[in-house]
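Hi everyone, thanks for coming.

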Amino acid sequence: MVGQLKARKAAAVVLQMIKEGKIAGRAVLVAGPPSTGKTAIAMGISQSLGSDVPFTTVAGSEIFSLELSKTEALTQAFRKSIGVRIKEETELIEGEVVEIQVDRSIAGGQKQGKLTIKTTDMETVYELGTKMIDSLSKEKVTAGDVVSIDKASGKITKLGRSYTRSRDYDAMSADTKFVQCPEGELQRRKEVVHTVSLHEIDVINSRSQGFLALFSGDTGEIRSEVRDQINTKVSEWREEGKAEIIPGVLFIDEVHMLDIESFSYINRALEDDLSPIVIMATNRGVSRTRGTNYKSPHGLPVDLLDRVIIISTTPYNPEEIKQILSIRAQEEEVDVSVDALAILTKIGEETSLRYAANLITVANLIATKRKSQTVDVEDVKRSYSLFWDANRSVQYLSQYSDNLVNDAGAATLGGVKTIANPAAPAQAPATTAPVPSTTPATTTASGDTMDTTS
Ligand SMILES: Nc1ncnc2c1ncn2[C@@H]1O[C@H](COP(=O)(O)OP(=O)(O)O)[C@@H](O)[C@H]1O
Ligand SMILES: [Mg+2]
């Protein structure tokens, strides 16, 4: 990233706090003008988090869906952002295979066998059933292999070939891995750690959905009793030392799209002891909160605003715009000449960074059309005249607003002003008139198809 030093330093502090688990239940608001890197900073935070720290992104408008109520959508987003690290112990048998002996009955019935396996200190013979014999032959285990067998599931993993067999090197493929014969006991305990989110546990345990809903994403509403039970179970595990809670991060972009009810939900949810860190981003100044008539800073109700720490982003200076644009051009694999970049920078300063960045793509297409490898000044100029930025569009609107259809549905066409609304009742009979004549036509058509099918 380029520039935006204060905001990035602040983000680094937040990141440190997240890593130390210090700001669970608190909220951060990233506020600033459009295209100043708010979303980019939040994504940067997410990438610096550990691999098992959950990070969920939602846009404010995603909360409003027909399938889920607002609070259910928010609850799911919150619970997706809380990880549960579950520790599990399994018993393994790990050693070097000395001999596999399989007795096949002539009738082809049950297979039986013996597996002799050793470490440097001990050697044991295990009885084998049909299932184990099959998986041994599937993994192509032979004498001299070092294997690990999960006692509970019977899963066999080949760790490599024992060094003591390295003399038979000639008979092996080049990618054979050699390992030491294990020491000590044959049986050992191993700790396995899984991290799942609370939401995943919810879905798996809600009987109406089943775990397949995790793949379709179609989870529907989850009953609150299910959630209560899971919270109780998880806190039990926590006390027994079986599980650990990892507060993750919930990023709500364009948070001003939320309404007062959603904000009140967030306010309440932040107080819960199972709460993630909430990062919000907005480009609004003093504006109305949806669902109220009050205006407040950033469109957030004041009681929520009181809870957040605010990171503000500021517009870029010309040097930074230039750097960002050249990074952008590199990313899109577009060659931009020095002069063209200077003009793009100028455009970026006077209009917006996003518009200038979009022009790179357009100018590249124009350059390709005239069979040039690099984007030059004329390509930028041409794309600037073909595609307007918001300012010019507004200017055009104020000049020629009569020619476009306005809210009342009226527009000036070829110097004649059409007045939409008063004319509507007068036109109504004319538009309804053809309807009766088309209705019989469709009924005869369907009558025809009835005839042909019979
Ligand atoms: N400091 C920066 N360094 C590099 N690229 C940036 C920087 N700030 C913004 N950008 C780029 O500009 C574009 C707009 O940034 P974005 O984060 O989406 O803005 P916002 O969310 O504030 O509207 C993105 O393509 C982003 O990669
Ligand atoms: Mg954004």
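I'll talk about ligand 1 and the residues around it. One thing to keep in mind: this is a predicted model.

Let's begin with the neighbours. Ligand 1 is surrounded by 13 residues, and the closest of them are Val-2, Ser-35, Lys-38, Thr-39 and Tyr-316. If you sort the shell by class, you get 6 nonpolar, 4 polar and 3 charged residues.

For Thr-39, a side-chain N or O atom is 2.6 Å from an oxygen atom of the ligand. As for cover, ligand 1 on its own has 560 Å² of accessible area, and the protein covers 80% of that.

So where does the ligand sit? The space that ligand 1 takes up is the largest pocket. Two elements, helix H2 (38-48) and helix H10 (318-331), each give two or more residues to the shell. H2 gives the most, with 3 residues. And at the domain level, domain 1 (5-81 + 248-312) and domain 3 (318-393) each supply at least three residues of the shell.

Technical notes:
Residues are numbered from 1 along each chain as its sequence is written. Chains are lettered from A and ligands numbered from 1 in the order in which they are written. This is a predicted model: local features need pLDDT of at least 70, side-chain atom pairs count only at pLDDT 80 or more; totals for chains, interfaces and linings use all residues. Side-chain values use heavy atoms; hydrogens and water are left out. A residue is near a molecule or strand if one of its heavy atoms lies within 4 Å of it. A polar contact is a pair of N or O atoms within 3.5 Å; within protein, one must be able to donate a hydrogen and the other to accept it, and residues adjacent in sequence count only if both atoms are side-chain atoms. Accessible areas come from the Shrake-Rupley method with a 1.4 Å probe; for residues, only the protein chains shown count as cover. On a 1 Å grid over the protein atoms alone, a cavity is a set of points where a 1.4 Å probe fits but cannot get out, and a pocket is an open set with protein on both sides within 12 Å along at least five of seven lines; lining residues have an atom within 4 Å of a point. A molecule sits in a cavity or pocket if more than half of its atoms lie within 2 Å of its grid points. Helices (H or I, at least four residues) and strands (E, at least two) are DSSP runs, numbered from the N terminus. Ala, Val, Leu, Ile, Met, Phe, Trp, Tyr, Cys and Pro count as nonpolar, Asp, Glu, Lys and Arg as charged, and the others, Gly among them, as polar. Domain bounds come from an automatic or database domain assignment.
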